[in-house]
Amino acid sequence: MAPGFAVVGESSIGKSSHNRVWSDNELAAQCFLFFIAGSDTVSTCLTFVSYELLINPDIQDKLYQEIVAVDRSLDGKPVSYEALQKMQYMDMVVSESLRLWPPAPFVDRFCVKDYLYNDEQGTRVQIHKNQLVWFPTTALHHDPKYYPDPFKFDPERFSEENRDKIRPGTYLPFGVGPRACIGSRFALLEVKVILYNLLRHFTLVRSEKTKVPLKLESKMIGIKIAGGVWLEFKPRE
């Protein structure tokens with residue numbers, strides 16, 4: 001069973017052993033990066049998927065029914081990794097949230113050699129060694145050429161019947177290649193565990209402060225929402 005549609009594939013590049021000695025500053029920088037990449041992005045994903053479930057109660061109810069079915073099958077036991085992996089609709093909802101609201105609006109890569117990009121359709125771009133190249137994740141995810149009605153929250157894009165229609169290279173919430181996010185599996189597990197327990201006990205409903213649609217503010221890294229996201233948790237009977 002695959003760990004989730006959004007999980008990035010492992011690369012064979014860089015698996016050889018290394019003897020590099022890391023400085024204290026390098027180690028501190030990596031720890032800081034792991035905290036930002038692993039905490040801020042997970043909370044961002046949970047914020048937006050909660051918002052979409054709030055304004056799409058039919059999708060929230062369908063996901064809740066899947067959670068109820070899994071909970072009954074566990075016979076009182078806490079949700080397990082194996083049980084989460086079998087929740088297809090949960091994965092569809094999370095994958096679609098990451099498409100519509102990617103926590104990282106872009107990914108960057110450092111060019112190690114001169115390269116001429118040529119799509120054979122008139123576009124030719126010379127990329128020079130030591131240049132930094134940005135790939136616009138949000139723009140790709142919102143391009144109607146790849147995703148019809150791109151601003152509609154539609155988990156069915158990632159159903160077993162439809163996921164093959166997604167073109168390689170057009171869905172990259174965690175990046176792609178040997179520099180892709182090393183924590184994609186853990187991040188998805190965190191999001192699914194929290195969603196499972198949250199919806200199992202609460203219904204997400206609008207509050208007086210809930211704003212629809214959301215208004216985004218300019219931010220260099222990550223996503224900033226004007227006024228924040230507000231909702232209420234209504235205990236289930």
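How many helices and strands does the protein have? There are six helices and eight strands, taken as DSSP runs (H or I of at least four residues for helices, E of at least two for strands) and numbered from the N terminus. The model is predicted, so local features need pLDDT of at least 70 and side-chain atom pairs count only at pLDDT 80 or more, while totals for chains, interfaces and linings use all residues. Residues are numbered from 1 along each chain as its sequence is written, and side-chain values use heavy atoms, with hydrogens and water left out.

Start with the whole chain. The order of elements is α-α-α-α-β-β-β-β-α-α-β-β-β-β, and the C-alpha trace spans about 60 × 45 × 40 Å along its principal axes.

Next, select helix H1 (residues 24–55) and helix H4 (residues 88–100). Their axes lie 9 Å apart at an angle of about 105°; axes are lines fitted to C-alpha atoms over the stretch in contact, and angles run from 0 to 180 degrees between N-to-C directions. H1 and H4 are therefore roughly perpendicular, the term for 65 to 115 degrees. Show Cys45, Phe48, Val49, Glu52 and Leu53 of H1 with Val93, Ser97, Leu98 and Leu100 of H4, which make the contact (heavy atoms within 4.5 Å).

Now select Lys62 and Glu156. They form a salt bridge, with the closest N and O atoms 3.3 Å apart; the term requires a side-chain nitrogen of Lys or Arg within 4 Å of a carboxyl oxygen of Asp or Glu. Lys62 is in helix H2 (residues 57–74), and Glu156, 94 residues away, is in the loop between helix H5 (137–141) and helix H6 (184–201). The structure holds seven salt bridges.

Notes. Parallel < 35°, antiparallel > 145°, perpendicular 65-115°, else oblique.
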